[in-house]
Amino acid sequence: MLALTLFIVVFIMLAVLLARIALFPAIRFVKPTGPFGIGTLTYHVKDGSRTEIFQEDPRAPRELIVQVWYPAAGEASAERAPYLPDARMVTKELARLFRVPRFLFHHIRRARSNAISSAPAASPGGDGYPVLIFLEGLAGFRQMNTFQVEELVSHGYIVAAIDHPYAAACVVFPDGRHAAGYPIGRMKELMAPSLEEVAHPSAVNGHVLKDGIIPYFAEDVRLVLDELGKWNEADPFGILTGKMDLRRIGVFGVSLGGIVAGEVCQAEARLKACLIIDAPMSRNTVANGLRQPAMWITRDAETMRQEGWSEKDIDQHQTTMRAVFERMPSDGYFVQVPDYFHINPTDIPCWWPLLTRLVKMRGRIDWKRAHAITNDFTLAFFNKYLKGVSGDLLECGDKYPEVTLEESGA
C-alpha cells in the first residue's frame, strides 16, 4: 500500500513537472543566419523641448530608453545578455495590463538573447552600417521582436529600439524610476483620433489630443534620429562612434509601432524605407501618403475573422493599409500571410509554443515558419532599399508559395 501511494505521488509530481516544461519551456532564440556577432547597448535620452504629458508635473521632460544592437566582434564564448534586463518589473506590468497571472511570465526572466553586452563593434568598412529603428506594439517592450532584430543585425544592420513610456508595458529608468503602461483601453481612447474622426477627443493631464497620441510618439522617433547623429560623432560608450551610415536609415514597427512608423515616415525625409507590420494607418498617413519605399506584412480579412477581430477593426486595418499602398508614388509591397495572427510576427509564440496554440493566440501556421517569413521579407526589403541588393524579394515570393506578394503599380 505504501509503495502504491509513493508511486502515485511520484507519478503526479512527474506529470506536473512535464506539464510545466511543456507549457513554459526554456526560451531559446534561433541563432541568426548572418556572419556577424551581436552586441548591445542601452541609452537614456531626454527631450528638454517637450513636456511629458503623461505626468502631472508640467516641468517633467519626455524621457526614453533606447536599446541598440550592432554587428559585433565579440568572443563566441562570451556570456549572452539577458533577453529582458528589467524582467521582474516588466513582467509584473504585463500581467496587470493583460489581466493574467504573473506566473505565466516567470520563465521569461531567465531567458537569454544571442547578444553580448558592450561587445566590441565589428568594423563596418566604407561609410558605416545602415541603421534601423524598431517600434514596439501597445503594452509591449523594446525587445519584443528580438527574433527579427538579431537576424537583421547579424546581416550588417544597427538596430535602435525605442521604449515609448506609458505605451510600453513598463519602462525602467537608470535611477530606478519606472513608467508603468497606461491601461490598454485608455491608451486606445488616446489613439482613436489618430485613426478616425472623433467628436470629443480624449485628454491626458489637461492636454487635449485633437490628432490623438500617435503624433506624440512619432516625435520620439525624431528625437532618436537626432541622438543617433550625436552617438555617431561621439558615442558615450566609445563603441559606435563612426559606425553608422545615417544616410541609410529605415524604420519598422509592429501594431502600434507600425502606426507610428507610417506617421513619422510621411513627414521625415531622413527615413529612407518603411516597414509596417499588421497595423492600420493614421489619418495623417492616409491623407499624405508615403514617399519612401514601403512594405506591409499582414494577413487577409478572413484570417483576422478567424482570430476573432471585429468587422470594424478589420475594415480599419484593411482599408487604411490599402489606401496608402495603392497610392504609392515609389515602390510599395503588400505581403499577406495566411493563418498569421497578430502575435505571430513577435517573440510571443516562442514564450509559450504549446499554450499559444491551445488557446488559439497564434494562427495555424507554424510559428517558426512565420518568423522565417517575417525575417526573409524584412531582410530582402531593407537590403534592396538601404544596401542596393535587388532580387531577394522575388526569391522570397518563390520560397513561400502560400504568401501573396503585391507590388504597387504592378
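Reader: Is arginine 142 buried or exposed?
Author: Keep in mind that this is a predicted model. Arginine 142 sits in the loop between β4 (129–135) and α3. Its relative accessible area is 6%, and anything under 20% counts as buried. So arginine 142 is buried.

Reader: How far apart are the C-alpha atoms of arginine 142 and isoleucine 162?
Author: Along the chain, arginine 142 and isoleucine 162 are 20 residues apart.

Reader: How many of the residues of helix α3 (residues 146–154) are buried?
Author: Go through α3 and you'll find buried residues including Phe147, Val149, Leu152 and Val153. Gln148, Glu150 and Glu151 are buried too. Helix α3 is largely enclosed by the rest of the structure, because the buried count is nine of the nine.

Reader: What is the relative accessible area of leucine 358, and is it buried or exposed?
Author: Leucine 358 belongs to helix α11 (residues 353–358). Together with Leu354, Val359 and Met361, Leu358 makes a nonpolar surface patch of about 340 Å². Exposed means over 50%, so leucine 358 counts as exposed, with a relative accessible area of 57%.

Reader: Are helix α12 and helix α13 roughly parallel or roughly antiparallel?
Author: Helix α12 (residues 367–386) and helix α13 (residues 392–399) pack with their axes 8 Å apart, at an angle of about 160°. Angles over 145 degrees count as roughly antiparallel. So α12 and α13 are roughly antiparallel.

Terms used:
Residues are numbered from 1 along each chain as its sequence is written. This is a predicted model: local features need pLDDT of at least 70, side-chain atom pairs count only at pLDDT 80 or more; totals for chains, interfaces and linings use all residues. Side-chain values use heavy atoms; hydrogens and water are left out. Buried means under 20% relative accessible area, exposed over 50%, partly exposed in between (1.4 Å probe, protein chains only). Helices (H or I, at least four residues) and strands (E, at least two) are DSSP runs, numbered from the N terminus. Patches are made of residues with over 30% relative accessible area and no salt bridge: like charges are joined within 9 Å, nonpolar side chains (Val, Leu, Ile, Met, Phe, Trp, Tyr) within 5 Å. Accessible areas come from the Shrake-Rupley method with a 1.4 Å probe; for residues, only the protein chains shown count as cover. A salt bridge is a side-chain nitrogen of Lys or Arg within 4 Å of a carboxyl oxygen of Asp or Glu. Axes are lines fitted to C-alpha atoms, for helices over the stretch in contact, and angles run from 0 to 180 degrees between N-to-C directions. Angles under 35 degrees count as roughly parallel, over 145 as roughly antiparallel, 65 to 115 as roughly perpendicular and the rest as oblique.
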